[in-house]
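Morning, everyone. I'll keep this brief. Please look at the model first, then we'll go through some charged pairs.

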Amino acid sequence: RWNIPERVTLTPMELYEKLSAQGDKVRTLKTEKAPKPDIDAAVQLLVKLKLEYKTATGQDYKAGCPPSDGPTLQDNGPSVTEGEDLVNPWNVTTTSAKGVDYDKLIVRFGSSKIDQELVDRIERVSGQKPHRFLRRGIFFSHRDMHQVLDAYESKKSFYLYTGRGPSSEAMHVGHLIPFIFTKWLQDVFDVPLVIQLTDDEKYLWKDLSVEECHRYAVENAKDIIACGFDINKTFIFSDLDYMGSSPGFYRNVVKIQKHVTFNQVKGIFGFTDSDCIGKISFPAIQAAPSFSTSFPQIFNGRKDVQCLIPCAIDQDPYFRMTRDVAPRIGYPKPALLHSTFFPALQGAQSKMSASDPNSSIFLTDTPKQIKNKINKHAFSGGKDTIEEHRKYGGDPDVDVSFMYLTFFLEDDEQLDKIRQDYTSGVLLTGELKKRLIDTLQPMISAHQQRRKLVTDEMVQQFMTSRPLDFNY
């Protein structure tokens, strides 16, 4: 759909400059800890200007990306047929209350389903009971996982790579999913792990300063460390720091950039001619950690160590591109394990937003906030009256409290009983919500306690480029 610009008194460029100045003003007020009413008024004006800018140009305002000539068609990824779920690194939407149709997504993305046979094989090879995320299909899709296990069985190591885009200080429970699972993989397979914090990406995509993005990276690192990663086996890095200090890493970025055309990234990511050039080349930076030569301090220059990437399925486009490039630059293709999305409290139609405090449970929430949010905002699959609920039962497949329990309640039998009792009407919505509150409150409190113990020195240690406890 083309947006027809309305007549405005200011030209798009004048509006753009006014917006940039207003953004700077808001940042200055926040830095100087100005009175709240002053900040609120400045933010309101910023929002109003952004709306005017969008009306005038048909584009969202992006810091550092001046308006292009004429209206543009906003394109955020490969075209989606009517009624299909939209899934890319920046947008996830679906019309179904049950959430995204993951079986269709596997077919569309060309990955493979994690079937019972693969889960059983992971159990055999690791000698450990599979993680609940595997048992329950939360990690549901893969690329080349059998190959990783073949190599592991013949005593060839692999390494893990995952990451986070630090767009705010606060992380929510959904952000923990890849880290909880990656920690389990690190424990059972005893392999090195690299964690990329894409503070550069957030600077390019969001209206934030470089300093803010870097600070969020360090703050987010504390929450990641609090998941219990082994400091002797884990390297956490900020792109803004590591890229400038690691020739191995930058050389891989350049090799990838040379082998991907502008047309390809436009096709994969939906970039347009009005996107700043930083965005267009960014995918190469997210791809580079997939190759062991990006970390010579860990792998001693070896280029044949395979990488396994646990991530949410919306990140897959980056790694489809990476897998396409890998053989052309002489590296093994990274393998992937994909997770489903963690639903917003309001329902599984979209993934949660760190910018909407009521869409999720944050890692900073108090027990009282957790209780209130779940009671007030968690979408229910129950019936309107107790009589109806007792008679017809609830629908656990659309009930957010039940979905959250599938992520966090360890006991399979308990979970199964809750499903049966809720479906038959024995268990009421309020009681189901209480089960979730009783599960999440101690989990979040324990996380907060562990995070308090993470010192600045520890963060510094995790984020320092160094050899890990492995001999390559």
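Start with Arg 27 and Asp 24. Their side chains form a salt bridge, 2.8 Å from N to O. Keep in mind that this is a predicted model. Both residues sit in helix α1, residues 12–31. They are three residues apart, about one turn of the helix. Arg 27 is partly exposed, at 21% relative accessible area. Asp 24 is partly exposed too, at 42%.

Next, Arg 215 and Glu 169. This is another salt bridge, with the closest N and O atoms 2.7 Å apart. Here the pair links distant parts of the chain, 46 residues apart. Arg 215 is in helix α9, residues 210–225. Glu 169 is in the loop between β5 and α7. Arg 215 comes out at 41% relative accessible area, partly exposed. Glu 169 is partly exposed at 38%.

Buried or exposed: what is Asp 316? Asp 316 is buried, because its relative accessible area is 0%, and buried means under 20%. Arg 320 is partly exposed at 28%.

There is also a network. Salt bridges with shared partners join Arg 132, Arg 135, Arg 136, Glu 410 and Asp 412. Across the whole structure, the search finds 32 salt bridges.

Last stop, Asn 358. Asn 358 is in the loop between β11 and α16, and is partly exposed at 32%. Its contacts include Lys 373 and His 377. Asn 358 also touches Leu 345, 13 residues away in sequence and 7.5 Å away, C-alpha to C-alpha.

Methods:
Residues are numbered from 1 along each chain as its sequence is written. This is a predicted model: local features need pLDDT of at least 70, side-chain atom pairs count only at pLDDT 80 or more; totals for chains, interfaces and linings use all residues. Side-chain values use heavy atoms; hydrogens and water are left out. Helices (H or I, at least four residues) and strands (E, at least two) are DSSP runs, numbered from the N terminus. Buried means under 20% relative accessible area, exposed over 50%, partly exposed in between (1.4 Å probe, protein chains only). Contact means heavy atoms within 4.5 Å. A salt bridge is a side-chain nitrogen of Lys or Arg within 4 Å of a carboxyl oxygen of Asp or Glu. Lists of a residue's contacts leave out its neighbours within four places in sequence.
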